[in-house]
Amino acid sequence: MTEPVLQVSALSTHFFTKAGVVRAVEGVSFSLARGEVLGLVGESGSGKSVTGFSLLGLVDPPGRIVSGSIRLEGRELVGLPNDELRDVRGRRIAMVFQDPMMTLNPVLTIERQMRLAILAHERASPRAARARSAEALTRVGIPDAARRLDDYPHQFSGGMRQRVAIAIALLHRPAVIVADEPTTALDVSIQAQILAEMAKLVSELGTSLIWISHDLAVVSALSRRIAVMYAGRIVEEGPTAVVLDEPRHPYTRGLLDSLPSRAEPGRELAQIPGSTPSMLRLPEGCPFRPRCPRASPACTVMPEPTGDAVRRARCHHPLVLTPAEAV
Amino acid sequence: MLGFIIQRVLQAMLVMAVMSALVFIGVYAVGNPIDVLISPDATQDIRTETIARYGLDRPLYEQYFTFVGNILSGDMGRSFVFGMPVLQLIMQRLPATLELTLVAVIGATLAGVPLGIYAGYRPQSPISKTIMAVSILGFSVPTFWIGLILILFFAVHLGWLPAGSRGATRSFLGVEWSVLTLDGWKHLVLPATNLALFKLAMMIRLSRAGTREIMLTDTIKFARAAGLSEWTILRQHVLKLISIPIVTVFGLEFGSTLAFAVVTETIFSWPGVGKLIIDSIAQLDRPVMVAYLILIAFLFVTINLTVDLVYALLDPRLRRGRAA
């Protein structure tokens with residue numbers, strides 16, 4: 001297997017609040033091959049967005065990466081000085097956010113915003129920057145791109161705005177794009193368009209994509225591999241089809257059962273009992289224990305990931321056993 | 001955009017009409033100028049003759065319409081006290097106040113906005129905390145006291161700067177300006193500093209609040225994710241976003257300082273309009289009071305109109321009538 005583009009090992013990001021230490025991300029490890037799409041799934045507060053921000057070194061105080069390693073194209077990002085990190089951001093790893101209404105600056109033209117993103121990493125004449133911006137907008141499917149460069153964000157529809165944000169993220173052809181719920185704020189029909197567009201772009205450009213979402217359906221449509229997060233840890237990881245068909249972690253099972261598309265019509269939707277624990281007072285051992293139908297006394301000890309590099313889960317009582325465990 | 005301007009100009013005219021009536025009636029109700037104008041031992045004939053000469057025997061509405069008609073033809077009346085046309089009297093004094101105010105407000109903005117942005121960008125740093133502490137002083141210490149301290153320290157104790165009055169002037173566009181001479185600046189520095197301190201504090205607070213709010217938004221996160229340097233983010237994104245409230249306050253402050261720089265002008269014996277209006281009120285010089293208030297209302301309306309237009313330039317969302 002070739003060297004992964006992104007290798008995250010034992011990443012922990014904590015927030016040191018007055019109320020106590022919030023372990024938003026704890027011991028997260030995964031790797032990403034060139035051109036691969038990884039879906040990062042979890043409920044709100046599971047640490048999936050903080051994981052995304054950690055990758056770009058954009059965790060706001062009082063949070064910071066306390067340990068672990070992030071290797072992007074062989075280069076360690078954790079502990080890199082700010083200016084070197086800034087140089088990596090946007091050029092080798094970029095990010096698209098949830099709400100395009102909030103991410104673009106309302107008082108600057110699209111051209112200005114794109115030019116700033118270009119000039120952040122290379123020298124370019126205004127004319128060259130404009131040409132490249134127009135090309136980038138055309139690539140993400142914005143019609144009449146050259147003329148629309150002079151428009152302001154409010155003159156675009158939600159879907160078009162998100163395309164602009166994607167175009168900005170793609171300007172320098174980064175190795176990795178972190179997409180933090182980029183379709184959540186959009187209409188369903190627009191969501192599908194953006195999903196298809198993203199899938200096409202990353203395969204064309206050979207960019208790897210981390211798609212963060214709470215929506216299993218969206219993630220499964222796009223990603224070949226999927227990682228499920230709960231309370232700051234990855235609880236299950238594997239090829240999308242396998243995880244969806246044979247989930248090993250009871251939490252993944254619960255998520256799948258609560259999908260409307262999977263339920264029998266007319267029957268009540270299954271729910272996961274209880275709610276996400278407060279990150280300040282996580283239960284001892286497996287954090288899912290209080291909500292888990294399979295919990296036993298053994299679960300008061302934090303389970304270690306079992307399985308192999310392709311398919312892992314963090315559970316004492318997995319629903320499906322790996323061949324090794326079955327023996 | 002044109003429709004927007006026309007609408008704003010019409011609004012401004014309406015405000016002026018209402019304002020002129022209010023001022024006229026308000027001032028009419030204050031005291032009787034005849035008592036000041038005519039000595040108490042004058043004969044009844046002289047009294048009647050004087051009252052008729054100034055048109056003070058006419059009904060209120062008639063006086064008002066005469067007054068409005070005169071204003072529209074550029075005649076704002078004669079000062080009872082100085083015996084010269086009011087407009088000329090005010091225009092003689094206005095440049096002094098105008099340059100004092102402009103220097104103070106522009107100086108406060110140029111210094112206050114960067115300081116405020118810094119304090120908002122690094123709220124925890126000791127420098128920021130110092131900036132904020134100084135701004136509290138600027139808000140709470142009375143202007144006249146700071147003025148006296150400035151004179152005591154820089155003029156009396158150190159002897160670096162003159163204690164008051166306006167310096168040498170040079171003529172530009174037919175008006176005498178002291179900002180064009182070195183001596184003029186020497187005289188200007190202390191009163192302008194005195195006048196600027198409160199505005200400086202306000203600009204610092206405003207920029208700081210705006211910056212703090214904006215730094216937490218996704219716009220800034222997205223700009224950082226694109227690899228923009230912090231300096232570029234502050235200069236291009238933050239400055240542009242906080243400029244809208246700053247323009248508003250700049251306009252309002254400019255107007256109110258122009259109208260009410262009285263305290264500073266008095267302390268530094270600055271020959272501006274603030275001093276003039278105080279004297280006119282004391283002497284019941286009605287035409288000066290009315291003309292001054294009308295002029296100030298006019299200035300405010302003009303400034304607000306300009307601010308509105310600048311808004312439209314700064315915030316594309318306000319520009320109407322342009323196809324989306």
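This is a predicted model: local features need pLDDT of at least 70, side-chain atom pairs count only at pLDDT 80 or more; totals for chains, interfaces and linings use all residues.

1. The phi angle of Asp144(A) is near 60°, which is a positive value in a residue other than glycine.

2. Pro62(A) belongs to the loop that lies between helix 1 (48-55) and strand 4 of chain A.

3. Chain A holds an open sheet of four strands, arranged in the order 2-1-4-5 and paired in antiparallel fashion. Strand 2 (20-32) and strand 5 (75-76) of chain A each have a single partner strand and stand at the edges, so one side of each is left without a neighbour in the sheet. The antiparallel pairing of strand 4 (residues 63-72) with strand 5 of chain A rests on two bridges, and Arg71(A) is placed opposite Glu76(A) of strand 5.

4. Chain B is divided into domain 1 (2-72) and domain 2 (91-318), to whose contact domain 1 contributes 20 residues and domain 2 contributes 14 residues. The C-alpha centres of these two domains of chain B are 33 Å apart.

5. How much area is buried between domain 1 and domain 2 of chain B, and what share of it do carbon and sulfur atoms give? The area is about 1,600 Å², and carbon and sulfur atoms give 83% of it. On the side of domain 1 of chain B, Phe4(B), Met16(B) and Val27(B) supply 32% of the area buried against domain 2, more than any other three residues.

6. Across this interface within chain B, one salt bridge is found, and Asp308(B) forms a salt bridge with Arg8(B) in which the closest N and O atoms are 2.1 Å apart. One residue pair in polar contact is also found across the interface of domain 1 and domain 2 of chain B. Helix 1 (2-28), helix 2 (33-37) and helix 4 (60-72) of chain B each supply at least two residues of the side of domain 1 that touches domain 2, and helix 1 of chain B gives the most, with 12 residues. By class, that side of domain 1 of chain B consists of 16 nonpolar residues, three polar and one charged.

7. Between the chains, 30 residues of chain A are in contact with 23 residues of chain B, and the two chains bury about 2,400 Å² between them, with 62% of this area on carbon and sulfur atoms. The count of salt bridges between chain A and chain B is one, and the side chains of Asp60(A) and Lys221(B) meet in a salt bridge at 3.4 Å, N to O.

8. Nine residue pairs are in polar contact between chain A and chain B. Strand 6 (93-96), helix 3 (100-103), helix 4 (110-119) and helix 7 (158-170) of chain A each supply at least two residues of the side of chain A that touches chain B, a side that comprises 18 nonpolar, six polar and six charged residues.

Definitions and conventions:
Residues are numbered from 1 along each chain as its sequence is written. Chains are lettered from A and ligands numbered from 1 in the order in which they are written. Side-chain values use heavy atoms; hydrogens and water are left out. Two strands pair if DSSP finds at least two bridges between them. Domain bounds come from an automatic or database domain assignment. Contact means heavy atoms within 4.5 Å. Buried area is the accessible area (1.4 Å probe) that two parts lose on being put together, summed over both. A salt bridge is a side-chain nitrogen of Lys or Arg within 4 Å of a carboxyl oxygen of Asp or Glu. A polar contact is a pair of N or O atoms within 3.5 Å; within protein, one must be able to donate a hydrogen and the other to accept it, and residues adjacent in sequence count only if both atoms are side-chain atoms. Ala, Val, Leu, Ile, Met, Phe, Trp, Tyr, Cys and Pro count as nonpolar, Asp, Glu, Lys and Arg as charged, and the others, Gly among them, as polar.
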